[in-house]
Each structure stands twice: as C-alpha cells, then as structure tokens.
Amino acid sequence: EKGGYDYFMLKEIAEQPKAVADTLLGRIGTDGRLSLDEVRIPDAVLREAQKVVIVACGTAFHAGLIAKYAIEHWTRIPCEVELASEFRYRDPILDHRTLVIAISQSGETMDTLMALRHAREQGAKVLAICNTNGSTIPRESDAVLYTHAGPEVAVASTKAFLTQLVACYLVALYLGQVRGTKWGDEIQAVVKELAEIGTQVEEVLGTMEPVRELARGLAGKNTVLFLGRHVGHPVALEGALKLKELAYMHAEGFAAGELKHGPIALIEEDLPVVVIVPSPRGRSVLHDKIVSNIQEIRARGARTIVIAEEGDETVVPYADHLVRIPVTPTLLQPLVATVPLQVFACELATARGNEVDQPRNLAKSVTVE
Ligand code: M6R
C-alpha cells in the first residue's frame, strides 16, 4: 500500500509531480486557453462577481491565502480569505455577486461546510475546490473544481495542498480570461509555466537529502521560526503548521515585515529560522527587503535556513543552510517552496520518534465544529 515507502506521507510527497500534472490535465488547451466547463458556473456569473471570499481550514486555508494574491493581481477582484470556523459568526457581508470558494481536501470538514451553507443562505454562489468525489462539500456547492491528488492518507496534507494551489491558480487565471484584464500577456505566460511546474516539483524532490540531514540535526530543538513575504508568508505558515502537527515543536510563521513589530525579540543564539526568499527578478523590492531581514536575524545569532531561487547569489553570505528551488514566476513559487518544508517536517518527526502518518490528537478529517 505504501508503495515501498516507510510512511504514506513520504509516498504522498513523492506523488506530487503527478498530482499536480493530473490536476492540470485537460484544463489547459493547446492554444494556452483554459477551459473549466466542468465547473458549471456560467461565465456570466464569473464576469459579474464583485468579490471573492475564500473559506477553508488548516492547510487548505493557507492555499486560500496564496490564492488571494493570484486572484487580486490577475483579476483585480477584491478577495478575502477567512478561516471557515470564524466566518459565519461575524455576520459576513455577502450577496448574489459574491463568489465564495470553499477549499477542502476531504470535502467533509464541518467548519467549511457550515461556512458554505451560510454563504448560500445569503445568496452567494459557492465553488468548491475538493479532492474527494461526491463528498458533502461539493454536493452542497453550486459548482466544483476537483483536484486530482488521488487519496491522501497521511493526516498531514501534502499533495492535496499542491493541487489546491493549482486549482486556485486555474480559477484565478480563468477569471482573468473570462473577464479580460490588462494582464492578458502575463496570464498566457503563467499558464505555460504552470503546465511545466510538475517537472520543477520533481527537480526539488531530487535535491532533498541535505534538507533531511539538516532536519535530523535539529531534532533536539524546541522552536523553529518561519519567515516569508508576499506569497512566501502563507508558505511560512504552512511550514510551521507541518512542523507543529508532525514534530510537536513550537513553530511559528511570520510575515518578515512584522519582525520589527515584535517577533524579532524571539531571536536568540542558534535559533533555527527558515526564510522563504522571493525571486530577485520581477518584484525585486520584496527580495531586497527579505535579504535585509535575513541579515538582521543573523546578526542576532539566528541559524538561517534560506530557501532561495537557483542563481540568487545575494543570499549566500547570510545563509547557514541554503536550499535551492527552481526559477518560477513569483506567484507560482509556493508550489516549489513548500516541498522542502514538507520534507523537513517529516524528517524531524521521524528523528523525534513520532508517528508520521497519524500524529497524536489529530484526525484526517474534522467532522465536528
Ligand atoms: O479536508 P480539509 O482540506 O477540509 O481539511 C482541512 C484541515 O483540517 C487540514 O488541512 C489540516 O490542517 C491538515 N492536517 C494539515 O496538514
């Protein structure tokens, strides 16, 4: 069943290139145009949407946070992302021109289900992004875009997350396509890159031995911090969540720009801090800012674990450990940057003698509120 791997999680991490490719399959035409006909939300509804609201929990929520950057950039439609468990209790403002996207691997998460029911009661249209055919969330939604990750058995979500991201990018790009935006050329270019991303995930998987070794060396630590900016911020949150649930370590993700507003007080000698560095191309301001953040924490003794694009030399002097990821468009970087964090958490859990596939106190799907 585990296909020769010690844990389902390892198998599922390894399956990611295929999961990503399967989720793209049949959705990108040879002319580079997207077709999401199966989704069954009429283009007219998508054209008129005035707001997008994403609801999800845990890892799926992190996918939603990343989707916000893509949706707002490519479509200029305002997008909110909310923890499903908080959503209905704050009396959110919704109407028939709100497109609600509910993201769930299992399709059975009660918090997400209650959020989507609330949204539909207010007249909003709900699109589910889901990995489980015929589960409750897609059945109760107006439309569904399935992720094709295949069954995910390990409690910690890995391949489902990557395919949720792919689905979110497809929705964002498709919204851009049907509405027409000034980013037409960029959208075309990104669609091409997205079609290739499985290969890049594969490349990352082939270079993970040093990450495993690093993780084993950190097994005695109590805390690991994660920093990121822009889409790297949700990636940092996801890296921290994986570490909490698998290694039972104190782990926190921060927006790097928040350091000076508090978290920098946590930095002490030899504290491991993982930093996700945005591409130096394109939005180079972001990149330069994070390089100075790395300098700041290193000057205070942090052990810096830097995840940076191939060819980015500026980070080298400040990285105690350097993890290379392939060159991708900024918005797609989470697809490659998350993979080392999954491997890192899995290896740390193993080194600490934890049950990888079935962490304590957790269930694969949370069917109570
Ligand atoms: O099945 P869902 O995607 O709705 O589950 C949501 C969360 O419970 C889930 O992502 C959880 O956070 C994972 N265990 C994280 O690895």
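In this predicted model, a polar side-chain atom of Ser104 lies 2.6 Å from an oxygen atom of the ligand. A polar side-chain atom of Thr109 is 2.5 Å from a ligand oxygen atom. For Ser106, an N or O atom of the side chain is 2.7 Å from an oxygen atom of the ligand. A polar contact is a pair of N or O atoms within 3.5 Å; within protein, one must be able to donate a hydrogen and the other to accept it, and residues adjacent in sequence count only if both atoms are side-chain atoms. The protein buries 90% of the 420 Å² that the ligand exposes when taken alone (Shrake-Rupley method, 1.4 Å probe; for residues, only the protein chains shown count as cover).

The model is predicted: local features need pLDDT of at least 70, side-chain atom pairs count only at pLDDT 80 or more, and totals for chains, interfaces and linings use all residues. Residues are numbered from 1 along each chain as its sequence is written, and side-chain values use heavy atoms, without hydrogens and water.

The ligand is surrounded by 14 residues (a heavy atom within 4 Å). Ser104, Gln105, Ser106, Thr109 and Glu245 are the closest. This shell holds five nonpolar, seven polar and two charged residues (nonpolar: Ala, Val, Leu, Ile, Met, Phe, Trp, Tyr, Cys and Pro; charged: Asp, Glu, Lys and Arg; polar: the others, Gly among them).

The ligand sits in the largest pocket (more than half of its atoms lie within 2 Å of the grid points). On a 1 Å grid over the protein atoms alone, a pocket is an open set with protein on both sides within 12 Å along at least five of seven lines; in a cavity, a 1.4 Å probe fits but cannot get out; lining residues have an atom within 4 Å of a point.

The volume of the largest pocket is about 530 Å³ (the space filled by probe spheres set on points joined across faces, edges and corners). Its lining has 25 residues, with Cys57, Gly58, Thr59, Lys364 and Val366 nearest the centre. Ten are nonpolar, ten polar and five charged.

One cavity of 30 Å³ or more is found in the whole structure. The largest cavity has a volume of about 60 Å³. Its lining comprises nine nonpolar residues, no polar and no charged. Helix 13 gives the largest share, three residues.

Notes
Helix = DSSP H or I, 4+ residues; strand = E, 2+ residues; numbered from the N terminus.
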